[in-house]
Amino acid sequence: MATPNQEDYLEAIWFITQEKGYARVTDIAERLNISQASVSKMLRRLKADGLLEVERYRGLSLTPYGESQGQRLLARHRILERFLEQLGVSDPAVAYHDVEGIEHYVSAETLERLSALIQYIDQHPEWWDAMIHNLPSRK
Ligand code: FE2
């Protein structure tokens, strides 16, 4: 991952707090593969934006607003992940890397259309399978 931005932090904190109930700077640094010093700087911004709060003795947690933004990011991540899966991207590490890149650029409209397509595929799997099997194969 390139330098993680605010959304990457929010997503990481969302995952960590789902698992543990709170997040520490070390958890975040580890998940994003960066130094603790850079984490502290971004945390100040997230706090200033009302996304994050510090609980004494426990660690960091998301405000209700941060929580809802985290949910939105997760939903976006899942739609893109499903789409790549449907396309036949078979290596989960490749898919994850691509999703982490695409998600920061995709527009709300494109995401909405992808989401509609995925729903259609779920309802008409035979149509999608026939199409995907007729695509030129990979080298
Ligand atoms: Fe993501």
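Predicted model: local features only at pLDDT ≥ 70, side-chain atom pairs only at ≥ 80, totals over all residues.
**Overall architecture**

The chain comprises 7 helices and 2 strands. Read from the N terminus, the order of these elements is α-α-α-β-β-α-α-α-α. Along the principal axes, the C-alpha atoms occupy a box of roughly 55 × 30 × 25 Å. Of the 139 residues in the chain, 37% are buried. Among contacts with a separation of 6 or more, 56% are made by residues 24 or more positions apart. The chain exposes about 8,900 Å², and 53% of this area is supplied by carbon and sulfur atoms.

Helix α2 covers residues 25-32, and its buried residues are Asp-27, Ile-28, Ala-29 and Leu-32. An α-helix has 3.6 residues a turn, so residues three or four places apart point the same way. The cover over the buried residues of α2 includes helix α1 (6-20), helix α3 and strand β2 (59-62). After α2 comes Asn-33, which has a positive phi, near 60 degrees.

Asp-27 brings a charged side chain into this buried set. Its relative accessible area is 17%, so Asp-27 counts as buried, the limit being under 20%. The side chain of Asp-27 forms a salt bridge with that of Lys-20, at 2.9 Å from N to O. Lys-20, by contrast, is partly exposed, with a relative accessibility of 37%.

**Salt bridges**

There are 5 salt bridges in the structure. Three of them are listed here, including the pair that involves Asp-27.

| Salt bridge | N to O distance |
|---|---|
| Asp-27 and Lys-20 | 2.9 Å |
| Arg-82 and Glu-85 | 3.9 Å |
| Arg-113 and Glu-112 | 3.1 Å |

Arg-82 and Glu-85 both belong to helix α4 (residues 64-87), where they stand 3 residues apart, about one turn of the helix. Their side chains meet at 3.9 Å, N to O, a distance that counts as a salt bridge because the cut-off is 4 Å. Arg-82 is partly exposed at 27% relative accessible area, whereas Glu-85 is exposed at 51%. Salt bridges with shared partners link Arg-82, Glu-85 and Asp-122 into one network.

The pair of Arg-113 and Glu-112 is bridged at 3.1 Å, N to O. Within this pair, Glu-112 is partly exposed, with 42% relative accessibility.

**Surface charge**

A patch of positive charge on the surface is formed by Lys-41, Arg-44, Arg-45 and Lys-47. One of these residues, Arg-44, is situated in helix α3, which runs over residues 36-48. Arg-44 has a relative accessible area of 56% and is therefore classed as exposed, a term that requires over 50%. Helix α3, which holds Arg-44, is also among the elements that cover the buried residues of α2.

For the chain as a whole, there are 16 positive and 21 negative charges, and the mean positions of the two sets lie 7 Å apart.

**Summary**

Note on methods. Residues numbered from 1 in each chain as written. Heavy atoms only, no water. Patch = residues over 30% accessible without salt bridge, like charges linked within 9 Å, V, L, I, M, F, W, Y side chains within 5 Å. Areas by Shrake-Rupley, 256 points an atom, 1.4 Å probe, with all protein chains shown as cover. Lys, Arg positive; Asp, Glu negative; His and termini not counted. Charge placed at Lys NZ, Arg CZ, Asp CG, Glu CD. Helix = DSSP H or I, 4+ residues; strand = E, 2+ residues; numbered from the N terminus. Buried < 20%, exposed > 50% of the residue type's maximum accessible area, 1.4 Å probe, protein only. Contact = heavy atoms within 4.5 Å.
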